[in-house]
Amino acid sequence: MRFSPNAPVRRPSNSFGLRYANDSDYEDDSDSDSDISNDSFLITKDDPLTVVQTSPTAHRSNDEIRELTDTLAAVRLRASYRDPYEEWERATKEEALRAAMQRAGTSKSANLLQEAANRLALESITKTHTVQAAEVKTLLVTLANKRRQDEERLLQQFKARDKQLWERIEAVIKQEEDKARKVWEQAEAVRQQEAKRKAEEEAKAKAEADKKKKEEEEAMARAKAQAAAQARKAENEKKRLQEEQSAKETQAAVAAQRDKLGQASAIDEWRQGRAVLQKIKGEVMPSVKLTEKWRVVYNAQRRKITAKIGQITNDEAAIQAICTFIFNAVQPQPPHEETLYQALLSALAKAILLQAETEVSASNKTAVPLARVTALLLEALPGFSDALWARFIQRAGGWAVPISPPPLSDGEDDVGRTLSPEEYRKVCGFRSNDEALGEYTSRVVGMLTLYFSILVTSSTLSNPLPPQFAFPRLWSYLSRLMCSPGILKHPVAPQAITAALEVGGSQAKRLWGRQFQKLLTVMHKTVSDKATEELVGGPNVEGRQGRTRVQLEAERLLKS
């Protein structure tokens, strides 16, 4: 770069030789011959690539103008310049990548062989190390055993010496103790004799005083006791008479209320069913069997009825057809004699219950059409409710009511006789003395499921059914069962509750609302509380499983 002899000293410039715009000591060359379009340019310090046009009055020399022009041209060239070294470096990298890829393809098999050799060498080294480690471990175990044996031998020697030392010490101590004990025993014997003599004298005097005082107290106590006994006897007698009178009044009121509502007590319902059953077994069936004409008709119609009951499906048209057939078989025109009619009703009831024992116990869905047929026949056939109730009590025992059957005979010849265990099992519904509890429970639950389905179906009929088969019976059944601790502990109890809730729980909740919710809450609390859970179903496995089902069903109804 050339400078004019008279030019002032210039500030440092940037890489392209341009001066910064804020150089305060910069002076314009007033002798410049020309300018670049009457304009001058400067580079700012803040941004070297920014060119600032100076005032048109600032003049530059030819050298400065040429320098500025070259610099601007260099800047423009640099903006689009491609460095040959960078191009070479990029090409070199690409070529190296291609060569490396080729080498990798050719040396893959060699690498695999080398890896296999390395793996074999590593396995050999590993085996060697394993053998050496086992040898070291064996040596360590041997040394440890030897050290332990030495320690045990030294410990035994030390214990033996310690034992001998203490034996000698204890022998000396025992000798001294024996001497001291003899002296003390002699003195103690003298003291005890003196004390005994004084105690005997004092005890004798005190005994005489206590005896006298006791006699006086006993005399007073006997007098008070006699007076209290007389007063208590009079009070108890009065209380007993009041309780008897209250019980009689309560029973009379309950009986009057039941008579008013057309209901009977649990024991009355049990006795009614047993009475009908005794009549069927003692009068009706013997008469049919002894009369040839009746026996032929009975056997023929019984077979037809049993076959039709087994053909029931969940189809309303088929249900109506079966009901019509059974109605015509039991009550044709002209009608059967009354005895034969009662026998056919009993056979129909037995067939329905047998179907429930076998089919409903296997699948609850079959209870719906069977309950529909039974309800329609209860509505159409006079006296069928009594026969069905009697057979139900015979095959399910007290679970039909529910009640714990009284262990007394109700036969005409031996009324009131205490039943034997075998006879009582039969009254409770067991088919034989060797029937298992699981089989008995399955049968009874199947019949109860049918019974609860009949109660639900009864609300859809045009005519009301007898109280034992009307839907309000569901409330009575659950209330009696929850209030009967004796039968509530039986494994059948939770199964019966579950069947009742599954079949009629939703309808009962809609009908009775908050009152039924309270009953559900009591059930749920009883089976879920650790203190009272065994009151339902007992402590066995069947009872625990039944309580779990009751709890789940009660929770479902309470949440619905």
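Helices here are DSSP runs of H or I with at least four residues, numbered from the N terminus. The model is predicted, so local features need pLDDT of at least 70 and side-chain atom pairs count only at pLDDT 80 or more, while totals for chains, interfaces and linings use all residues. I number residues from 1 along each chain as its sequence is written, and side-chain values use heavy atoms, with hydrogens and water left out.

The cut-offs are under 20% relative accessible area for buried, over 50% for exposed and in between for partly exposed, with a 1.4 Å probe and protein chains only. I also took a C-alpha distance: E359 to L370 is 9.8 Å, and the two sit eleven residues apart along the chain.

Next entry: the pair α6 and α8.

I noted α6 as residues 316-330 and α8 as residues 367-380. Their axes are 10 Å apart and the packing angle is about 40°. That angle makes α6 oblique to α8. Axes are lines fitted to C-alpha atoms, for helices over the stretch in contact, and angles run from 0 to 180 degrees between N-to-C directions. Under 35 degrees counts as roughly parallel, over 145 as roughly antiparallel, 65 to 115 as roughly perpendicular, and the rest as oblique.

Which residues meet across this pair? From α6 I listed E316, I319, Q320, C323, I326 and F327. From α8 I listed P369, R372, V373, L376, L377 and A380. Contact means heavy atoms within 4.5 Å. By class, I have nine nonpolar, one polar and two charged residues in the contact of α6 with α8. Ala, Val, Leu, Ile, Met, Phe, Trp, Tyr, Cys and Pro count as nonpolar, Asp, Glu, Lys and Arg as charged, and the others, Gly among them, as polar.

Last entry: two residues of α14.

I placed Q495 in helix α14, residues 492-512. Q495 counts as buried, at 16% relative accessibility. Beyond its neighbours within four places in sequence, Q495 contacts T441, V445, G546 and R549. The side chains of Q495 and R549 are joined by a polar contact of 3.0 Å.

A499 is buried, with a relative accessible area of 4%. Leaving out residues up to four places away in sequence, I found A499 touching T449 and F452. A499 and F452 are 47 residues apart in sequence, yet 7.7 Å apart from C-alpha to C-alpha. For the polar contact above, the cut-off is a pair of N or O atoms within 3.5 Å; within protein, one must be able to donate a hydrogen and the other to accept it, and residues adjacent in sequence count only if both atoms are side-chain atoms.
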